[in-house]
Amino acid sequence: MPPSGLLAEDPERIGSYVLLGRLGAGGMGVVYRAEDPQGLVVALKVIRSDIADDPKFRKLFRREARNAQRVVPFCTAPVLDVNADAEQPYIVTEFVDGPTLSAVVERDGPLPDVKLYQLAVMTAVAMIVIHDAGIVHCDLKPSNVLLSPLGPRIIDFGVARAVDATTAATQTGVFGTPAFMAPEQIRRYNSVTPAADVFAWGGMIAYAGTGRRPHGDGRPDVMLYRAVHDEPDFEGLDSRLRPLVAKAMDKDPQRRPSATDVLVELLSKHASEQELEDILTEIRRGQVRGTELAAILKRLLSLAAAAAETTVSVLPPRILSTGTNTPISTMNNTTVPDENAPRPIPVPPARHQPDQEKGKKEGTRNGGLGRLLHRRRSRLLAAVGAGALAVAIIWAYNPPHPHSVVKPTYVIGFQGTLTGGNAELGRSSLLGTRAAVDLANQDPDLPFRLTMKESDDQGLADKGAAAAQELIDDHSVVAVIGPTFSGPAEKSILSYSGAGLVAVSPSATAPGLTSLGVGAVSTFFRTVSPDTVQGPQTAKYMISKLSPRGVLVLFDNSNSYGRGLADELVKQLDRIRQQKNFPITVTTREAAPGGDYAKLLTDLSSYNLVYYAGYTSEFVGIIKILRQRKFTGTIMSGDGSNSDLLITGAGRDGAEGVYLTCPCREVAGIEPRSQAVQQFVDVYEKISSGAQPDFYAADAFDATRVVIDVLKRLRGKVSRQSVAHTFGDPKFIRDFEFEGITKKIKFDMSGEVQGGDIFIYQVRDGRRQYIGSAVELARGNG
């Protein structure tokens with residue numbers, strides 16, 4: 001990593017170190033090549049001032065750096081000095097002369113087999129000694145691995161976790177490198193374990209072996225979404241390494257091997273357990289020098305070279321000494337202790353957080369985020385406690401009749417778009433929710449009664465947080481259905497997660513919503529398929545049934561829904577074009593709400609299909625311009641335009657023939673009509689004065705019934721916290737399955753509904769008519 005010269009704003013000296021040049025700059029700060037008072041060349045990292053200004057960071061930085069100095073200097077760049085009290089804190093490490101792994105791969109392509117196995121083995125050993133010191137790297141990536149003459153060396157441990165915890169506490173965003181971050185880092189679990197580094201190790205080996213990042217390239221938000229929801233791409237990776245790398249990148253941290261398990265699985269064909277344990281024991285002594293060091297390095301490198309020539313077996317976890325009296329098979333589930341964290345109040349665990357070991361001291365569970373979450377949850381419990389006291393006072397003055405059975409009443413909140421241009425879908429969802437509540441209250445065996453509270457976000461992103469807060473402030477609300485649309489959802493989810501209030505949306509489809517949360521907590525679920533499903537299935541239907549030769553994709557650039565849907569659609573169309581040599585051109589144009597659509601719809605001769613990713617009010621204007629210009633091709637849009645406003649706004653003739661896609665089914669599309677469907681229709685007609693269920697009504701009905709089912713399971717111990725605890729229990733998520741009237745509902749570990757079809761509708765004779773499942777129609781079955 002050759003240094004560049006100092007910039008004009010760089011100092012000449014920091015502390016007792018003379019700066020010789022810049023080695024690089026990144027998210028944490030600037031790294032300099034420097035000289036210490038004895039003339040030794042070192043690497044000196046100065047932390048960014050905006051991070052360093054946080055007193056919490058300095059405290060964590062001091063502790064993490066102290067731990068880092070305990071790391072055995074083997075396959076790592078040892079920490080030589082640290083100053084957490086300087087105006088700009090800095091950390092000094094040994095200078096490692098060599099390029100980064102990322103630079104080598106970018107320059108030369110994937111590593112050859114022997115080099116790849118040596119990288120895998122040596123970085124696994126480095127992870128072991130880092131984890132032994134009680135450190136989680138939190139930013140393991142190719143640019144933090146230097147390829148020195150003595151083999152790969154991991155750098156930058158002991159800093160990233162302090163920065164990460166500070167960014168989490170201040171809610172400034174997700175710290176780390178999206179391409180190599182573990183799902184639990186992105187979702188902000190209470191504590192990040194060594195398993196996060198193992199995940200990053202897997203991504204790094206996949207990158208080194210293929211020259212590609214395992215989740216591809218793209219915007220940071222897209223990369224974060226893929227890391228949480230998509231499976232990594234191992235195409236081209238050595239088939240002998242692939243099973244181990246796949247285990248390392250498992251979405252569930254509990255199923256990943258520990259760093260020592262990784263080493264064992266890599267070398268088990270060529271070294272006995274005893275030999276590997278002896279090697280690790282020598283390394284952990286921290287006194288390996290000179291010829292002894294060279295001998296161990298040579299042995300590990302030769303074992304790796306031998307492994308590169310034979311099949312690597314994937315073995316079950318085994319028990320070896322870790323140097324910390326912790327079985328290897330459980331080491332990846334052990335949180336890094338925070339001795340300064342207070343004793344926490346019992347609260348619902350973050351979704352999918354690994355179970356805490358029994359007997360562990362309370363107060364170590366939350367890592368660097370403990371105090372922040374403790375304060376939030378204390379306020380939450382205090383507020384709920386006040387509500388409980390009020391109930392007790394009312395009970396004292398109005399005691400129940402001694403022979404009556406008094407059922408407790410719980411409130412289900414509803415956040416949706418009840419006024420504004422797209423209010424039709426919000427009101428439809430509200431009626432579907434109310435139908436589920438009314439039907440439940442008709443059951444004499446229901447051990448409680450339900451009421452509802454509504455909050456209108458007007459379909460506007462900037463109204464989302466206020467609408468959520470209205471429900472949060474009412475502590476009788478135990479769960480929320482909604483929001484209706486993705487824009488308000490983006491702003492609401494942070495509020496709900498911070499308050500520990502579960503929200504289940506039947507209709508917000510933008511990618512990445514289930515990844516949002518505050519600190520360690522995410523309480524958002526959805527029963528609707530995201531646009532990562534809608535886009536690809538729509539593309540396949542287009543190709544198989546609509547014969548497009550040129551597709552013009554317009555998208556609303558003001559929200560994640562339009563951008564996300566267009567992105568997934570275009571990506572799938574391009575994939576089909578390349579893989580099947582399909583003769584099609586695809587053009588994408590941004591459409592600002594209220595903008596001049598006429599300029600975007602000039603020269604339509606190259607297109608026979610126009611697709612709009614956005615909402616109805618703008619789509620109506622686009623249809624009118626296309627009709628005025630005598631466009632005779634196919635006009636199509638997604639579920640955001642699925643409302644009666646489409647027909648009333650564009651006119652019966654204008655809307656005729658327009659195609660719509662939607663991850664929901666109208667009741668007319670649910671065949672045969674079961675008793676449950678008929679019950680829903682009957683109740684809906686009663687509460688809506690005879691109206692037929694509209695889009696998302698049945699989906700909201702099912703989402704509400706999911707929540708009611710959870711309330712029943714709690715057997716009289718219903719509270720906001722107990723609901724969040726149940727939804728956050730990994731075992732509950734794994735086992736839960738609900739037979740709805742629209743589909744079978746089963747969540748994955750991120751809160752997304754599993755499976756799910758996209759359905760095609762077309763305006764015919766002045767009304768939207770159900771055509772069928774996009775997948776089945778594309779197969780020729782519709």
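Which residue forms a salt bridge with Asp250, and how far apart are the closest N and O atoms? I looked it up: the partner is Arg255, with the closest N and O atoms 3.1 Å apart.

**Entry: ground rules.** I am working on a predicted model, where local features need pLDDT of at least 70, side-chain atom pairs count only at pLDDT 80 or more, and totals for chains, interfaces and linings use all residues. Residues are numbered from 1 along each chain as its sequence is written, and side-chain values use heavy atoms, with hydrogens and water left out.

**Entry: salt bridges.** I took a salt bridge as a side-chain nitrogen of Lys or Arg within 4 Å of a carboxyl oxygen of Asp or Glu. My search of the whole structure returned 30 of them. I then checked accessibility (buried is under 20% relative accessible area, exposed over 50%, partly exposed in between; 1.4 Å probe, protein chains only). Arg255 is partly exposed at 48%.

Next I checked Lys453. Its salt bridge goes to Asp474, with 3.4 Å between the closest N and O atoms. Lys453 sits in strand E10 (449–456) and Asp474 in the loop between helix H16 (464–472) and strand E11 (477–481), so the pair ties together parts 21 residues apart in sequence. Helices (H or I, at least four residues) and strands (E, at least two) are DSSP runs, numbered from the N terminus. Lys453 is partly exposed, at 25% relative accessibility.

I also noted Arg48 and Asp50, whose side chains meet at 2.6 Å, N to O. Arg48 is partly exposed at 33%. Asp113, Asp238 and Arg240 form a network of salt bridges.

**Entry: helix H25.** I traced residues 697–713. The 17 residues reach 25 Å from first C-alpha to last, close to the 24 Å expected at 1.5 Å a residue. That expected span is 1.5 Å times one less than the number of residues. I found 14 of the 17 buried, so H25 is largely enclosed by the rest of the structure. Just after H25, Arg715 takes a positive phi of about 50°.

**Entry: the sheet.** I read the strand order as E15-E14-E16-E17-E18-E21-E22, an open sheet of seven strands with mixed pairing. Pairing needs at least two DSSP bridges between two strands. E15 (585–591) and E22 (767–773) are the edge strands, each pairing on one side only. E14 (550–556) and E15 run parallel over seven bridges. Val551 has Val586 in E15 as its bridge partner.
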